[in-house]
Amino acid sequence: MSKIINVILSGGVGSRLWPLSRKSRPKQYLPIFEGKTLFGLTVERNLEVSSKVILVGSSSNKDLAEPYLKNVEHDIIAEAAPRNTAAAIAFAAFHAEPDDILVVTPSDHLIEGQEAYAEAINQGIMFAQRGFIATFGIIPSRPETGYGYIEHDQNNVLSFREKPNEDTAKEFLKQGNFLWNSGIFCFKAGVYLEELMRFEPKLYNASEVAFEYAVDLVLDEDHSMKIPSKSIDYAVLERSDLIKVVPASFEWSDMGAFDSLYTYYRTKGHKQDENGNIVVGSKKHTVFVGLSNCMLISTEDAVLVLDRSRAQDVKQVYEALEKDNSGFV
């Protein structure tokens, strides 16, 4: 009998949330969401709609994730090297039965509104049972430039759009038939593999070989590095004619950068001064003079002072520190 499996992708380090997020403890394992972690919330949220978890992530993620999975039927596939989402999902699909339905979710998104979430996922599962590949689009609340968009007509996908500039985002909102691309998917394992083989045979074959050579679901680097690195969006979604979209109303943020974290903190009543400045991680009395819309993020060994409008630039700081082998990543 087929199962409904939550495939959790947990491979990133959250470089745009440095210095909170580090290689040793990526953002999805930080207990900063009213004492809970994004990973733990992901597991809890999907227990209602699935009976098993397959985690696909790095070896370090395996150790961090296991405490959250103690009471859940689960398997962990440990990647030797990150090869993007198309391959990561293929590993989970190879490990499942062809008729098993995979609900693929990132581990680092913040979602609130469990009833609306379960309703959307169950609609996606119905599409998957009919042989479709379902993706989930969030009804936008603002002209956001940090997300990709899905143009749709009811459940039919007309196009996928890259992250727009502000004018284009405003036009998307005005037209009323664009959704934020949530990065959540649902399909039968066999259907996904068939479409991957159809559009990306080299990626499919290299992923299959790497998975066959895995020992206790731990992949080796030599075979992994032969896999082309492509996202599921480019490899399958933008090319398949089996795609359906579920417009969803649950509250969603990809927590990709400090501007998202700021919005979350504000909704939870986090203290800010009259100019929109906030402090994270420090109890010291902090005063911002001549600054507005800034964040001070303090950890034991590093301090970041950030203009929120430059939140995406934190990744460049992380990359420079990594290049210098600084020990701060």
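Is phenylalanine 187 buried or exposed, and at what relative accessibility? Phenylalanine 187 is buried, because its relative accessibility is 0%; buried means under 20% relative accessible area, exposed over 50%, partly exposed in between (1.4 Å probe, protein chains only). This is a predicted model, where local features need pLDDT of at least 70, side-chain atom pairs count only at pLDDT 80 or more, and totals for chains, interfaces and linings use all residues. Residues are numbered from 1 along each chain as its sequence is written, and side-chain values use heavy atoms, without hydrogens and water.

Turn to the rings. The structure holds 16 aromatic pairs (ring centres of Phe, Tyr and Trp, the last by its six-membered ring, within 6.5 Å; planes under 30 degrees apart are stacked, over 60 edge-to-face, the rest tilted). Tyrosine 29 and phenylalanine 39 make a tilted pair, 5.2 Å centre to centre with 35 degrees between the planes. Both tyrosine 29 and phenylalanine 39 are buried. Phenylalanine 187 stacks with tyrosine 192, at 5.0 Å centre to centre and 15 degrees between the planes. Tyrosine 192 is buried too, with a relative accessible area of 0%. Elsewhere, ring pairs join Phe91, Phe94, Tyr204 and Phe211 into a cluster.

Now asparagine 277. Asparagine 277 is buried, at a relative accessible area of 2%. Its side chain reaches the backbone nitrogen of cysteine 294 at 2.8 Å, a polar contact (N or O atoms within 3.5 Å; within protein, one must be able to donate a hydrogen and the other to accept it, and residues adjacent in sequence count only if both atoms are side-chain atoms).
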